[in-house]
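Please take a look at the model below.

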Amino acid sequence: MKNVIEWKTLSKGFQYLLNLSLVLLALVLLFFLFRELFYIISDALLHQTNVHVILGKVLVFFLYFAFISMIVKYFSESHHFPLGYLLYIGITASVRFIIVNNQNPQENFWLSLVILVLTFSYLLMMRKGKPFGG
């Protein structure tokens, strides 16, 4: 009986450590998110003419946003990441990357196949009646 209590205490300690780490990570990501937003606004005000530079910064901004929203989702879903949500983020991040990275068609082709596989995986989950893995 004492062994079970020790494992529960250890498990709770690891859960608190994980939660603290995720909160710290969210704060760091939030700092970088606002820093990227500042760069985007300053480029717009300084009339940056290279659209790909601005789109690249917007891509990074949305990646920070997606990671922060994943952390928020972790806490709102009782300390677990729903699989459907991770698939959705993977699909949208890949689409954003293809939009920005139009220089390498072979890489974009492989990313398109990744999007197809992720979409089929998401549709299989929807077929089971659990849209976001919950």
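In this predicted model, asparagine 19 is in contact with Tyr74, Phe75 and His79, leaving aside its neighbours within four places in sequence. Asparagine 19 itself sits in helix α1, which covers residues 2-45. Its relative accessibility is 14%. The cut-off for buried is under 20%, so asparagine 19 counts as buried.

Now turn to valine 72. This residue belongs to helix α2, residues 51-76. Valine 72 has a relative accessibility of 51%. Exposed means over 50%, so valine 72 counts as exposed. Isoleucine 5 is 67 residues away from valine 72 in sequence, and the two C-alpha atoms are 30 Å apart in space.

Next, the helix pair. Helix α3 spans residues 83-100 and helix α4 spans residues 105-127. The two pack at an angle of about 155°, and their axes are 9 Å apart. Angles over 145 degrees count as roughly antiparallel, and α3 and α4 are therefore roughly antiparallel to each other. Their crossing is left-handed.

Which residues of α3 and α4 meet? From α3 come Leu83, Gly84, Leu87, Gly90, Ile91, Ser94, Val95, Phe97 and Ile98. On the α4 side, the residues include Glu107, Asn108, Leu111, Val114, Ile115, Leu118, Tyr122 and Met125. Ser112, Thr119 and Ser121 of α4 also take part. By class, the contact of α3 with α4 has 12 nonpolar, 7 polar and 1 charged residues.

Definitions and conventions:
Residues are numbered from 1 along each chain as its sequence is written. This is a predicted model: local features need pLDDT of at least 70, side-chain atom pairs count only at pLDDT 80 or more; totals for chains, interfaces and linings use all residues. Side-chain values use heavy atoms; hydrogens and water are left out. Helices (H or I, at least four residues) and strands (E, at least two) are DSSP runs, numbered from the N terminus. Buried means under 20% relative accessible area, exposed over 50%, partly exposed in between (1.4 Å probe, protein chains only). Contact means heavy atoms within 4.5 Å. Axes are lines fitted to C-alpha atoms, for helices over the stretch in contact, and angles run from 0 to 180 degrees between N-to-C directions. Angles under 35 degrees count as roughly parallel, over 145 as roughly antiparallel, 65 to 115 as roughly perpendicular and the rest as oblique. A crossing is left-handed if the near helix is turned anticlockwise from the far one by less than a right angle, and right-handed if clockwise. Ala, Val, Leu, Ile, Met, Phe, Trp, Tyr, Cys and Pro count as nonpolar, Asp, Glu, Lys and Arg as charged, and the others, Gly among them, as polar.
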